[in-house]
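This report is for a reader who is meeting the structure below for the first time.

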Amino acid sequence: MNDDQLLRYSRHILLPEIGVEGQEAILGARVLLIGAGGLGSPAAMYLAAAGVGTLVLADGDTVDLTNLQRQILHSADGVGRMKVESGRETLHRLNPLARVETLAVRLEGTALDEEVGAADVVLDCCDNFATRHAVNRACVKHRKPLVSGAAIRFDGQVSVFDLRHDDSPCYHCLFPEGESVEEVRCAVMGVFAPLVGIIGATQAAEALKLIAGCGRSLDGRLLLLDGLDMEWRSVSLGRDPGCAVCGGR
Ligand SMILES: [Zn+2]
């Protein structure tokens with residue numbers, strides 16, 4: 001680290017759990033963010049500010065006026081532009097030292113596989129089950145830690161599936177694909193603005209802890225937030241030995 005970096009990241013370096021070594025790990029990390037919307041906005045901003053070396057932003061959508069109520073990566077002049085482009089500019093203003101790569105597509109297939117393989121940590125900040133399951137399958141295959149978040153109405157949830165460990169559950173163990181789960185999306189259901197901030201910032205915190213190797217992650221636990229009563233619940237998760245995705249691991 002040069003003098004500039006030592007100053008910029010000094011409040012991290014002062015934390016014994018992170019220190020110079022942890023900050024070096026953060027500076028060297030490559031984090032893949034699937035989605036630059038409500039959850040991806042705060043997650044990307046904290047990760048960039050904290051010094052993550054390379055952020056890969058993947059999102060195929062453009063900024064819509066209805067996004068601005070909660071997607072703080074984007075501002076009024078970004079309406080109509082690709083979210084990843086608008087996001088890259090915001091992140092560059094926050095921290096010009098952070099390298100931001102953009103993928104202006106809904107990441108899938110070979111491209112998803114390659115990006116997950118190249119990442120140190122993957123953040124699922126998307127809004128649909130098809131993508132969530134595709135990201136989970138790639139993370140299981142490449143044994144990459146997956147930080148998963150979701151938020152709708154006043155309800156949020158966040159967990160870590162640390163697929164580097166043999167006994168850790170995957171997303172599919174918890175929410176098997178094909179089960180008749182109702183797909184509820186912000187587009188039609190509404191979402192309380194700061195809820196995505198709380199969940200997205202928690203995802204950033206878990207990602208940084210995984211990278212710096214400090215604390216205990218949410219691996220094996222699902223945190224559920226009731227934003228109306230402002231109550232958190234923690235539920236223990238076990239691996240499903242018969243899971244169609246990670247069962248053969
Ligand atoms: Zn599984």
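Four donors count as tetrahedral if all angles lie between 85 and 135 degrees; four count as square planar and six as octahedral if opposite donors are over 155 degrees apart and all others between 65 and 115; anything else is irregular. Donors are N, O and S atoms within 2.8 Å of the metal (3.2 Å for Na, K and Ca), and water is not among the atoms, so sites may look incomplete.

The model is predicted: local features need pLDDT of at least 70, side-chain atom pairs count only at pLDDT 80 or more, and totals for chains, interfaces and linings use all residues. Residues are numbered from 1 along each chain as its sequence is written, and side-chain values use heavy atoms, with hydrogens and water left out.

**The zinc site**

The zinc ion has as protein donors the SG atoms of Cys170, Cys173, Cys243 and Cys246, lying 2.3 Å from it. The angles among the four donor atoms are 96 to 120°, and the site is tetrahedral. Along the sequence, the donor residues follow the spacing C-x2-C-x69-C-x2-C. Cys170 lies in the loop between strand 6 (155–162) and helix 8 (171–174), and Cys243 in the segment after strand 8 (231–236), so this pair ties together parts that are 73 residues apart in sequence. Helices (H or I, at least four residues) and strands (E, at least two) are DSSP runs, numbered from the N terminus. Cys170 and Cys243 are both buried, where buried means under 20% relative accessible area, exposed over 50%, and partly exposed in between (1.4 Å probe, protein chains only).

Strand 2 (residues 54–58) is mostly covered, with five of its five residues buried. On one side these are Thr54, Val56 and Ala58, and on the other Leu55 and Leu57.

From strand 1 the chain crosses through helix 4 (residues 40–49) to strand 2, in a right-handed β-α-β crossover. Strand 2, helix 5 (residues 83–94) and strand 3 also make a right-handed β-α-β unit. Right-handed here means that, with the strands pointing away from the viewer, the path from the first strand over the helix to the second runs clockwise.

**Helix 4**

Eight of the 10 residues of helix 4 are buried, so the helix is largely enclosed by the rest of the structure. Among them are Gly40, Pro42, Met45 and Leu47. The buried residues of helix 4 pack against strand 1, strand 2, helix 5, strand 4 (121–124) and helix 10. Gly51, which follows helix 4, has a positive phi near 100°.

**The nonpolar cores**

A nonpolar core is a set of buried Ala, Val, Leu, Ile, Met, Phe, Trp, Tyr and Cys residues joined through side-chain atoms within 4.5 Å. The largest one has 42 residues, and those with the most contacts inside it are Leu33, Leu47, Leu55, Leu57, Leu91 and Leu123. Helix 10 (residues 193–212) gives the most to this core, with nine residues. A second, separate core has 25 residues, including Leu107, Leu112, Val122 and Val140. Beyond its neighbours within four places in sequence, Leu57 is in contact (heavy atoms within 4.5 Å) with residues including Leu33, Ala44, Leu91 and Val100.

Which part of the structure holds Asp124? Asp124 lies in strand 4 and is buried, with a relative accessible area of 1%. Leaving out neighbours within four places in sequence, its contacts include Ile34, Arg132, Ser148 and Gln203. Asp124 and Gly149 are 25 residues apart in sequence and 6.3 Å apart in space, C-alpha to C-alpha.

Glu206 is placed in helix 10 and counts as buried at 6% relative accessibility. Not counting residues up to four places away in sequence, Glu206 touches Val147, Val160, Arg216, Ser217 and Leu218.

Arg143 is not a glycine, yet has a positive phi of about 55°. Arg143 sits in the loop between helix 7 (129–142) and strand 5 (145–152) and is partly exposed, with a relative accessible area of 32%. Met230, also not a glycine, has a positive phi of about 50° and lies in the loop between strand 7 (221–226) and strand 8.
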